[in-house]
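Please read them with the structure open.

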Amino acid sequence: MIRRFGEPPLKGQTYRLRPGAYAILARENRLLVTLQSKPYVEFQLPGGGIDPGENAIAALHREVKEETGWKISNPRHLGTFRRFVFMPEYDMWAEKLCHIFSATPVYALHDPLEEFHSVQWVSPEEAAVILGNDGDRYFVNSMFC
């Protein structure tokens, strides 16, 4: 069974399955996270949706590059969780199936390509408090705290 974080699904609400790949990126005792400023302000692990026909590792590399501008290496799957949320940017209710990886941030290629995203370097302890969902915080805590 895949662990659920956050609110339970709403009775009568239809959810669209939305698999995604997200990375815990550690370098010199700091974690690279993204600060999304719209549609709401939230600290997040870099990553995002896995496109149809795309595998999780390819999606992880693509999403991290888009959201942070960083090249990564050595992804290692840590676990998976799900959460039921409304995604205002897509105007849909989603069952997010979140695949969490650890990876090494190698170097910055360019600024983030995703609008309203910026790179932030924070301590693992700070990330375990400020990340926007319980599942991300759980995996950071499992690795560092």
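1. Strand S2 (residues 16-27) and strand S5 (residues 47-49) pair in the antiparallel sense, over three bridges. In this pairing, alanine 21 stands opposite glycine 48 in S5. Keep in mind that this is a predicted model.

2. With S7 the pairing is parallel and runs over ten bridges. Here alanine 23 faces phenylalanine 101 in S7. With S3 the sense is antiparallel, over three bridges. Alanine 26 stands opposite leucine 31 of S3.

3. Look at the turn between S2 and S3. The hairpin has two residues between the strands. Glutamate 28 takes a positive phi there, near 50°. Most residues other than glycine have a negative phi, and most peptide bonds are trans.

4. Two further backbone spots deserve a check of phi. Asparagine 74 is not a glycine, yet has a positive phi of about 55°. Asparagine 74 sits in strand S6 (residues 70-87). With a relative accessibility of 59%, asparagine 74 counts as exposed, because the cut-off for exposed is over 50%. Phenylalanine 116 also has a positive phi, near 70°. This residue is in the loop between strand S7 (92-108) and strand S8 (117-122). Phenylalanine 116 is partly exposed, at 33% relative accessibility.

5. Which peptide bond is cis? The one that joins lysine 38 and proline 39, with omega about 5°. Proline 39 belongs to the loop between strand S3 (30-36) and strand S4 (42-44).

6. Now the aromatic rings. The count comes to eight aromatic pairs. One of them is phenylalanine 5 with phenylalanine 81: the centres are 5.3 Å apart and the planes are at 85°, so the pair is edge-to-face. Phenylalanine 5 lies in the loop between strand S1 (3-4) and S2, and phenylalanine 81 in strand S6, so the contact ties together parts that are 76 residues apart in sequence. Are these two residues buried or exposed? Phenylalanine 5 counts as buried at 10% relative accessibility. Phenylalanine 81 is buried too, with a relative accessible area of 0%.

7. Phenylalanine 5 also pairs with tyrosine 138. The geometry is tilted, with 5.3 Å centre to centre and 40° between the planes. This pair links distant parts of the chain, since phenylalanine 5 is in the loop between S1 and S2 and tyrosine 138 is in helix H3 (residues 134-144), 133 residues apart. Tyrosine 138 is partly exposed, with a relative accessible area of 33%. Ring pairs link Phe5, Phe81, Tyr138 and Phe139 into a cluster.

8. Two arginines lie over ring faces. Arginine 3 is over the face of tyrosine 138, at 4.5 Å from the ring centre. Arginine 18 lies over the face of tyrosine 90, at 4.8 Å from the ring centre.

9. Next, the charges. The count comes to six salt bridges. In one of them, the side chains of arginine 62 and aspartate 51 meet at 3.5 Å, N to O. The pair links distant parts of the chain: arginine 62 in helix H1 (residues 56-68) and aspartate 51 in the loop between S5 and H1, eleven residues apart. Both partners are partly exposed: arginine 62 has a relative accessible area of 22%, and aspartate 51 one of 38%.

10. Arginine 62 has another partner in glutamate 66, with the closest N and O atoms 3.5 Å apart. These two residues both lie in helix H1, four residues apart, about one turn of the helix.

11. A further salt bridge joins glutamate 95 and arginine 82, where the closest N and O atoms are 3.3 Å apart. Glutamate 95 lies in strand S7 and arginine 82 in strand S6, so this bridge ties together parts that are 13 residues apart in sequence. Arginine 82 is partly exposed, at 25% relative accessibility.

Definitions and conventions. Residues numbered from 1 in each chain as written. Predicted model: local features only at pLDDT ≥ 70, side-chain atom pairs only at ≥ 80, totals over all residues. Heavy atoms only, no water. Buried < 20%, exposed > 50% of the residue type's maximum accessible area, 1.4 Å probe, protein only. Pairing = 2+ DSSP bridges. Phe/Tyr/Trp six-rings, centres within 6.5 Å; stacked < 30°, edge-to-face > 60°. Lys NZ or Arg CZ within 6 Å of the ring centre and 35° of its normal. Salt bridge = Lys/Arg side-chain N within 4 Å of Asp/Glu carboxyl O.
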